[in-house]
Amino acid sequence: MNYIVMDLEWNQSAKGKQFSEDHFPFEIIQIGAVKLDENKKVTGKWERIIKPVVYTRLHGKVSEMLGITADDLKSGQDFKSAACEFLEWCGEDYKFITWGGSDLTEFQRNMKYFGVENHFPFPLTYYDLQKLYSKVYSDGKTRRSLKIAIEELGFLE
C-alpha cells in the first residue's frame with residue numbers, strides 16, 4: 001500500500017463566478033504529489049504544470065497566491081495527458097492524502113470534463129489532513145490553511 005500526498009492548484013474565470021462554465025468552476029493548472037510507502041518513507045515525487053484551455057486568463061488572486069505566470073502555463077502539459085500519467089505513477093494500491101476535501105472533488109470533475117476515465121472506487125477513501133490536524137491541534141471544526149499549520153508545527157523557521 002502506498003500513500004499519495006497530493007496538492008492541486010486551479011484557476012477560475014478571471015471575470016468572476018457568473019462567467020464560469022456550467023458544472024466546471026475550476027480548471028486544474030498544477031498537480032503535485034509525493035508517494036510514501038507503507039512505512040511513510042518518500043519513494044517518489046511528481047509535479048506538472050497544466051496548460052488551461054477553459055480559463056486561459058490567469059485569475060489575479062491565483063497568480064498572486066501561487067507565483068505562477070501566464071507564461072508558465074503556456075508551456076504546461078494538457079490535462080488529459082498529465083492526469084493519465086499521474087494516475088499511472090500512483091500505481092495500483094494506494095490511498096490519497098489531501099489538505100481538505102476539495103482536491104479530489106475537483107480532480108474528478110476535471111477528469112470528467114476532459115474525458116479521463118475514472119476508475120476510482122465509490123466512495124473514494126482518502127485521508128483529509130486538514131480535518132485530522134483540526135481534531136488533534138484545535139477544536140475539530142476550525143480549518144486552518146496548510147501554511148499556518150506548517151508554521152504552528154514549527155516546520156518553517
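What follows is a close look at one helix and its surroundings.

Modeller: This is a predicted model: local features need pLDDT of at least 70, side-chain atom pairs count only at pLDDT 80 or more, and totals for chains, interfaces and linings use all residues. Residues are numbered from 1 along each chain as its sequence is written, and side-chain values use heavy atoms, with hydrogens and water left out.

Take helix 4. It covers residues 102-113, and Asp103 lies in it. Helices are DSSP runs of H or I with at least four residues, strands are E runs with at least two, and both are numbered from the N terminus.

Start with Asp103. Is it buried or exposed, and how far away is the nearest side chain of opposite charge? Asp103 is buried yet has no salt bridge. The nearest side chain of opposite charge is Arg109, 11 Å away. Buried means under 20% relative accessible area, exposed over 50%, and partly exposed in between (1.4 Å probe, protein chains only). For charge, Lys and Arg count as positive, Asp and Glu as negative; His and the chain ends are not counted. A salt bridge needs a side-chain nitrogen of Lys or Arg within 4 Å of a carboxyl oxygen of Asp or Glu.

What does Asp103 touch, leaving aside neighbours within four places in sequence? Its contacts (heavy atoms within 4.5 Å) are Met6, Asp7, Leu8, Trp10 and Thr98.

Arg109 does find a partner. It forms a salt bridge with Glu106, the closest N and O atoms being 2.9 Å apart. Both residues lie in helix 4, 3 residues apart, about one turn of the helix. Glu106 counts as buried, at 5% relative accessibility. Arg109 is partly exposed, at 29%.

Now turn to Phe107. It pairs with Phe86 in an edge-to-face aromatic pair, with 5.8 Å centre to centre and 90° between the planes. The pair links distant parts of the chain: Phe86 is in helix 3 (residues 79-90), Phe107 is in helix 4, and they are 21 residues apart. Phe86 is buried, with a relative accessible area of 0%. Phe107 is buried too, also at 0%. Rings of Phe, Tyr and Trp (its six-membered ring) pair if their centres lie within 6.5 Å; planes under 30 degrees apart count as stacked, over 60 as edge-to-face and the rest as tilted.

This pair belongs to a cluster joined by ring pairs, whose members include Trp46, Phe86, Phe107 and Tyr113. The structure holds 17 aromatic pairs.

Next, the core. The largest nonpolar core has 27 residues, and Ile4, Met6, Ile31, Phe79, Phe86, Phe96 and Phe107 touch the most other members. Strand 1, strand 2 (27-36), helix 3, strand 4 (94-98) and helix 4 each supply at least two residues. Helix 3 gives the most, with 7 residues. A nonpolar core is a set of buried Ala, Val, Leu, Ile, Met, Phe, Trp, Tyr and Cys residues joined through side-chain atoms within 4.5 Å.

The salt bridge is 2.2 Å, N to O. Arg48 is partly exposed at 26%, and Glu85 is partly exposed at 30%. The charged end of Arg48 also sits over the ring of Trp46, 4.4 Å from its centre. That label needs NZ of Lys or CZ of Arg within 6 Å of the ring centre and within 35 degrees of the ring normal. A search of the whole structure finds 5 salt bridges.

Last, look past the end of the helix. Pro123 lies in the loop between helix 4 and strand 5. The peptide bond from Phe122 to Pro123 is cis, with omega near 0°. Most peptide bonds are trans.
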